[in-house]
Amino acid sequence: LGANSLWQQVQLLDREHLTQIEEVYRKSGIPLEVRHYCSDWIETRAWQEVRNEGQAQELFQGTLLQLEEKHAATGVDSFINQLTLQRVIQQLRATFQTNALKFVASIKTCLNAEFSLLEAYRQLVQQQQQLSTSSGRGDLPYSYQINGLQTAQQDAARAGDIAKQLQDLHVVVQTMAVDIKNVQQMQENANFYINQFQMVEYDLNHRAEFQTQILDSSVLERKQQLLSNKQKIEIQLRDYIKDISQAQLEVANKHHQILQLIAKVVEALQIDIARWKRLQQLSGNGGTSEPNLTHLQQSIEGLADIIWMVRQQVTMVTQLRSQIPLSTNTPDIGSQLISEASSLLNKLVESSFIIEKQPPQVLKTQTKFGSSVRLLIGGRLSVHMNPPQVRAFIISEQQAKSISRGEIPRNITTKEAAGDIINN
């Protein structure tokens, strides 16, 4: 795997890992030929920085242009390549022309899967080399070493599944913005009738000709006409309010379903973090090599972005609801949804705070050692703007077991620590 570009390294994978790559691209809707013909261009684009449809459309059109240039440069003697490129261009346009954000999300999913599978393959090769040279050593049971080979492949598959779920969630949340805009448009239309209603009511209550006790027939007719108009506008306004309330309820229900899906991804990432900690522990005992955190951090950051987007959308809908002048019987679950989103974000933050580099298993007094903690979600919360104070403590094996079982609080004081750390 010494090739320079990511795509060149992918092509050196074994058949099993290449099959997984092909499956990822098939599920994403992006032909594998796009990755092959536009490999250099794709790897030099800032896909992670795309935030809106305009930026996504620019990358989508750029990809099409790359393919069209390849098609034009293909000679007549390469008839099959010409047909392949023509088919790929048509397929891309049909699938992503009206949804460039989905195209960008699909590309990111595929690239993340490539990184994950490459890392899994490297670990697999490393572990096979370890087995071939030290299968007789007694530091770990042989079953642990065999399970390590299977775990690397399982982790790669799980990483692809989570990336696909994040892609789907991102697309769904983006489409929710359209639903919210429709609600906003409905309320703007309702405001027209509200203004009409207020104008008619003002005329009825303040026009001098209507304030006398005795009205002539023409004035009485005009007043009756205004009263009739007021009644019609009131009926139309009531219908609009009913439709708006129903639309808001549908948006709230969709947000609730999205948060349920997010909760499942949070649980999956917590499992992956726990597995990473276990593999870290085994690596300290001479087992499998310590896994890479890159893909895990990307997944956590991507999910944090999605949760934050949902929270902002719910806040926007709640603000829109407060602008409705007439009370309705529709339940307001906005505060509940905001609480759910905040709770999920808190779980993600707590789970993503890890000890990246553990101290040695056996410590001696007056011994120097290096250790580091890492907040995998930190980049998305702008922690660098207001860095928190972090202190680490050495705890005993018994304390660690008690904390993991929830028998004692996670907050350890200096008096309860099993040892002192200088320059902490």
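Biologist: What makes the contact between R35 and E43 a salt bridge?

Modeller: In this predicted model, the closest N and O atoms of R35 and E43 are 2.8 Å apart, and because a salt bridge requires a side-chain nitrogen of Lys or Arg within 4 Å of a carboxyl oxygen of Asp or Glu, the pair qualifies as one.

Biologist: Why is R35 called buried, and why is E43 called partly exposed?

Modeller: R35 has a relative accessible area of 1%, and buried means under 20%, so R35 counts as buried. E43 has a relative accessible area of 29%, which falls between the 20% and 50% limits, and therefore E43 is classed as partly exposed.

Biologist: How do you know that E114 also forms a salt bridge with R35, and what does the pair tie together?

Modeller: The closest N and O atoms of E114 and R35 are 2.9 Å apart, and the limit is 4 Å, so this pair counts as well. Because E114 lies in helix α7 (residues 100–134) and R35 in helix α3 (residues 32–37), the bridge ties together parts that are 79 residues apart in sequence. Both E114 and R35 are buried.

Biologist: What makes D272 and R275 a salt bridge, and where do the two residues lie?

Modeller: Their side chains meet at 3.7 Å, N to O, and since the cut-off is 4 Å, the contact is a salt bridge. Both residues lie in helix α9 (residues 217–284), 3 residues apart, about one turn of the helix. D272, at a relative accessible area of 14%, is buried, whereas R275, at 27%, counts as partly exposed.

Biologist: What makes F96 and F103 edge-to-face?

Modeller: Their values are 5.4 Å centre to centre and 65° between the planes, and the angle has to be over 60 degrees, so the edge-to-face label applies here too.

Notes: Residues numbered from 1 in each chain as written. Predicted model: local features only at pLDDT ≥ 70, side-chain atom pairs only at ≥ 80, totals over all residues. Heavy atoms only, no water. Buried < 20%, exposed > 50% of the residue type's maximum accessible area, 1.4 Å probe, protein only. Helix = DSSP H or I, 4+ residues; strand = E, 2+ residues; numbered from the N terminus. Phe/Tyr/Trp six-rings, centres within 6.5 Å; stacked < 30°, edge-to-face > 60°.
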